[in-house]
Each structure stands twice: as C-alpha cells, then as structure tokens.
Amino acid sequence: MTLNIVVGITGGIAAYKAVGVVRALVLAGHDVHVVPTEGALRFVGRPTLEAISRNPVHTDLYEGVAEVRHVAIGQAADLIVIAPATANTIAKLAAGLADDLLGNTVLASEAPVVIAPAMHTEMWRNPATQANIATLVERGVTVVGPAVGQLTGTDSGPGRMEEPDVIVAAALARAASPSTRDLAGRRIVVTAGGTREPLDPVRFLGNRSSGKQGVAIAEAARARGAEVTLVAANLEIAEPDGCDVRRVSSALELQAAVTDAAQGADAVVMAAAVADYRPAAVSESKIKKDASGDGLTLELVRNPDILAGLGAAPHDGTLLVGFAAETEPDDERLLELGRSKRRAKGADLLVVNRVGWSEGFATDENSVVVVDRDDTVVTRLHGTKTSVADGILDVVVSKLTSTTERTKEADPA
Ligand code: C5P
C-alpha cells in the first residue's frame, strides 16, 4: 500500500543523513513530502530534497495560503517521520508549538509520528529533553534511537541519529501496527531478559535470553497507551524509553521487584527466562580451581516459581501471562506442554515458543502459540518480535476488556 508520508527534517548536522530516509521511503513506493525547518535547509539544500522526494518542498507558513497548506499537509499524511529531531524541535512538539510549517503539520495531523532524535549527549541527557521525550512517548509518539557512537565533534555517546534503514523500518512498522491506544489507563508489568545466579563475585549461572521479546512487549504496550513497569534482568539490548525500568539480576531479585510492581497491575507478562535453580551457597571469594581436585560439583537449590506464586496468591483483576520456552520439536506435544504449564502456574494465558541453539533466543523473529484458561489456542503468531508483541497484546486487551465488562455486569453501580 502506498502511504502518504511527511518527512520532517530539522536543523542538525544529521540532516544530511535524512536524505537517505527520504530515498528509502520513495524507493519503497511511498509518496513522500519533505517539510524541512529553516535550520535544516542550512545543512541540506531544497533542490536535493525535491529531487530525492520527487515532490515540491515547502517551508514557509505564509506560502500557499489559498490551499491552506499549513493544515493540508498534515491532514493528508498517513505517517509523519521527523529525522533528525533536534532537542529544540522535540521541545516544540512536546509544547504543541506551531510557529513553522512542520509544527503546524504535526498539530494538524492524526497520523502516527515517529521521531529520530539527534543531538549531543549532554542535550539528550538534559532533564528538560528527557521530560519532553516522556511527554511525546506518553502521547504515542514512537522514538527511534538515538544511537550511541561518534558525534559531530571528537566526542561520542548517546545522541547520534539512528541509521536511515533502522528509522525507515521502525516508521513503516509503526504505520502498519495498530494506531489504537487500547491500553490507555492500564498498568502493565513486563519481565524481560534472563536471570543470573551468582556462584562467586565473578561468576554466575545464566541463560541465553536477550530480552528482545520482553522489551518489544513493553515498548508495544507503551505505544498503546499503557503505563509500563519493565523488570529488566541483564538485558542485552537498550532499555526502552518511557517505561519505569527496575533492573534486577537474580531470580530472587526479580521476584521481589515483580511482586511489588504487580500490586494493582492490570496484567503481568512474565517474558523473562528465570533460573529454576541457584547455587546453594555463594562463595565470598573467587572459587579456586585447585581447591576441589579435578572436578567441581555444584550444589543447587530450587528457586521459587515466581509466576506460580503470583497465580496461587489472590490477584483479582490482574491478568497473568506466562511464557514457556521449550525445545520439544513436535507441535502437538509442544502445545500440550504449554497447556499443562499454564495449569500448573495458574496463569490466564500462556505463550508457548520453541527455542533451540538457533531458535527463539537473541533472534529478531519469533513464532508463538497462545493458549488460554479453556485450553483454547487463541492465536498463532509468527513474525518480528515487535509484531508478535502486538499480537500478544491484542489477546491481553481482549481478555482485559471481557473481564471489565463482566465486572460491570456483576456490579452495575
Ligand atoms: O517452568 P518454566 O521455567 O518453563 O516457566 C516459564 C514461565 O514461568 C515464564 O513465564 C517464566 O518467567 C516463569 N518462571 C517463574 N519463576 C521461575 C521460573 C520460571 O516465574 N522460577
């Protein structure tokens, strides 16, 4: 489907890279209208933008008044991408200012907005910028990056604009994903990553979970309007913006964080890979290889099953979603394992996925089956972890809605 895409370019040195964003969107078959700020035109010329976008480029609010251009561009847009987004533009967007054509275009549009911030690390970390980003995320804006790397000068750190192909992929995924804010007013707790069980000050028993699927769920829930607490266990990827992140390492730390965050939550999604066992004793000093001869026997004790604990305790109004990562190759047996795991843990939904040496962990794609309390397969999802996240949340939303409706029927007051 051809989308009408507005690419806003603002006045940062990364504006030259925005030409790559425009080109990729045009080559993907979309109709692209570039709206640069005056500052952007100091970094990249209008003829370049017109040639690459194959459309006229306007900046002036007082040109084309007869065709009401200041609102027409935004009203016609299916998607707005602002790359680079400077700290100044981010502040203006957060405040709803409309003192140039880009500001008017964004205000006059109902299209999803994707921004790719680019600035120096100090400006990005400034509490004013962070508060503005939080406001935009709260309103459903998708923030791509910034990446960590070499900045314009000799310095480096977070603030570099994400690469054009990453921005384009995120923007098109956003345009394709539900633009609804069907989780507004809901509080969702997500666990992600893999626990590490310490053996001594320098060693641990861990697993290969990267945290990608859990982070994708947290990000998707945030974009759909939820207030999200992310209990993050040793993530291998960046923490998402706009979530209340609680960092943990071991299963016991994860249990304390999730038990606290789950109080009064609408849903708890347990995507983290939690160790079933931990060393019985943690050595205060590094275990020496010569202390135990040729071999070393570790004594392990069971960790509490956190999900089962939540399932067994009263949790009225909190939907519990568990995950089962299994190596079982047979589809039917895999599903049966999922169903019995859901029962054993008292979860409302169980997301079953197959994992292996090259499947599941650390990849960008996933295939899952979701089963509910009736043992029914509610959905089968295959795709990027982002699209799988949205599919899982579709089920969460439908279960939350039906519970709310049942509660209203039971208590019409
Ligand atoms: O039993 P298994 O580890 O396969 O269960 C997976 C599900 O249970 C996941 O949702 C995981 O987060 C959760 N779990 C837990 N506490 C444990 C082990 C797993 O909550 N100790």
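**Figure 1. Residues surrounding the ligand in the predicted model.** The shell around the ligand comprises 13 residues, and the closest are M270, A272, L307, F323 and K341. The structure shown is a predicted model. By residue class, the shell divides into 8 nonpolar, 1 polar and 4 charged residues. At least two shell residues are supplied by each of α12 (306-312), β16 (319-326) and α13 (331-345).

Figure 2. A polar backbone atom of M270 lies 2.7 Å from an oxygen atom of the ligand. The backbone also takes part at P304, where an N or O atom is 2.9 Å from a nitrogen atom of the ligand. At K341 the side chain is involved: one of its N or O atoms is placed 2.4 Å from an oxygen atom of the ligand. The protein buries 88% of the 450 Å² that the ligand exposes when taken alone.

Figure 3. Among the elements contributing at least two residues to the shell around the ligand is α13 (331-345).

**Figure 4. Lining of the largest cavity.** The count of cavities of 30 Å³ or more comes to 1. The largest cavity has a volume of about 60 Å³, and its lining consists of T37, T89, K92, L93, L97, D100, L102 and G103. Two or more lining residues come from each of α5 (87-95) and α6 (101-107). The largest share of the lining, 3 residues, belongs to α5. In terms of residue class, the lining divides into 3 nonpolar, 3 polar and 2 charged residues.

Methods:
Residues are numbered from 1 along each chain as its sequence is written. This is a predicted model: local features need pLDDT of at least 70, side-chain atom pairs count only at pLDDT 80 or more; totals for chains, interfaces and linings use all residues. Side-chain values use heavy atoms; hydrogens and water are left out. A residue is near a molecule or strand if one of its heavy atoms lies within 4 Å of it. A polar contact is a pair of N or O atoms within 3.5 Å; within protein, one must be able to donate a hydrogen and the other to accept it, and residues adjacent in sequence count only if both atoms are side-chain atoms. Accessible areas come from the Shrake-Rupley method with a 1.4 Å probe; for residues, only the protein chains shown count as cover. Helices (H or I, at least four residues) and strands (E, at least two) are DSSP runs, numbered from the N terminus. Ala, Val, Leu, Ile, Met, Phe, Trp, Tyr, Cys and Pro count as nonpolar, Asp, Glu, Lys and Arg as charged, and the others, Gly among them, as polar. On a 1 Å grid over the protein atoms alone, a cavity is a set of points where a 1.4 Å probe fits but cannot get out, and a pocket is an open set with protein on both sides within 12 Å along at least five of seven lines; lining residues have an atom within 4 Å of a point. Grid points are joined across faces, edges and corners, and a volume is the space filled by probe spheres set on the points.
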